[in-house]
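Open the model in your viewer and keep the sequence panel beside it. The tour goes from one selection to the next.

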Amino acid sequence: MARQDALPPTLPPRLVGRAAAAAYVSVAPTTFDEMVVDGRMPRPRLLGGRRKAWDVRKLDIAIDQLPTEGGDTEDKTWSNFDAA
């Protein structure tokens with residue numbers, strides 16, 4: 001049974017391989033490799049031997065830190081929201 005087939009459909013894998021991580025970030029695998037090298041994307045977790053995988057939560061954090069068009073990296077969508 002494939003690793004992803006063992007999970008219920010409502011539970012996506014937390015760790016993903018290089019190709020899936022690149023697709024998650026919407027770039028080609030070679031571009032993703034460059035982003036890992038220059039620090040824009042996180043380094044992979046080592047699973048044993050030569051097998052590596054990326055933590056989707058760390059990818060989300062890295063994506064949030066990418067600059068937006070116009071140069072701002074901070075999302076101010078909810079900055080004026082008062083939760084009280």
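Exposed means over 50% relative accessible area, buried under 20%, and partly exposed in between, with a 1.4 Å probe and protein chains only. Helices here are DSSP runs of H or I with at least four residues, strands are runs of E with at least two, and both are numbered from the N terminus.

A note before moving on. This is a predicted model, in which local features need pLDDT of at least 70 and side-chain atom pairs count only at pLDDT 80 or more, while totals for chains, interfaces and linings use all residues. Residues are numbered from 1 along each chain as its sequence is written, and side-chain values use heavy atoms, with hydrogens and water left out.

The arc is taken from the directions from the helix axis to the C-beta atoms.

Now centre on Leu-59. Leaving out residues up to four places away in sequence, Leu-59 touches Val-16, Ala-21, Tyr-24, Val-25, Phe-32, Met-41, Pro-42 and Trp-54. Contact means heavy atoms within 4.5 Å.

In soluble globular proteins, nonpolar side chains tend to be buried together.

**Helix H2**

Keep Phe-32, Met-35 and Val-36 selected; they are the buried residues of H2. Look down the axis of H2: its buried residues fall within an arc of 100°, so they line one face of the helix. Their cover includes H1, S3 and H3. Step just past H2 to Gly-39, which takes a positive phi of about 90°.

**Asp-55**

Go to strand S3 and select Asp-55. Is this residue buried or exposed? Asp-55 counts as buried, at 6% relative accessibility.

Show its side chain. At the start of H3, a side-chain oxygen of Asp-55 reaches to within 2.8 Å of the backbone nitrogen of Arg-57. Asp-55 also forms a salt bridge with Arg-14, with the closest N and O atoms 2.7 Å apart. This pair links distant parts of the chain: Asp-55 is in S3 (residues 51-55), Arg-14 is in the segment before strand S1 (15-16), and 41 residues separate them. Arg-14 is partly exposed, at 42% relative accessible area.

**The other salt bridges**

A salt bridge is a side-chain nitrogen of Lys or Arg within 4 Å of a carboxyl oxygen of Asp or Glu. By this rule the count is three.

Select Arg-18 and Asp-33, whose side chains meet in a salt bridge at 2.8 Å, N to O. Arg-18 lies in helix H1 (residues 18-25) and Asp-33 in helix H2 (residues 29-37), so the pair ties together parts 15 residues apart in sequence. Arg-18 is partly exposed at 36%, and Asp-33 is partly exposed at 29%.

Next, select Asp-38 and Arg-40. Their side chains form a salt bridge at 2.9 Å, N to O. Asp-38 is partly exposed, at 44%. Arg-40 is partly exposed too, at 39%.

**Zoom out**

Show the whole chain as a cartoon. The protein has three helices and three strands. From the N terminus, the order is β-α-α-β-β-α. Of its 84 residues, 18% count as buried. Among contacts with a separation of 6 or more, 41% come from residues 24 or more positions apart.

Finish with the surface. The protein exposes about 6800 Å², and carbon and sulfur atoms supply 54% of that. Accessible areas come from the Shrake-Rupley method with a 1.4 Å probe; for residues, only the protein chains shown count as cover.

Terms used: A polar contact is a pair of N or O atoms within 3.5 Å; within protein, one must be able to donate a hydrogen and the other to accept it, and residues adjacent in sequence count only if both atoms are side-chain atoms.
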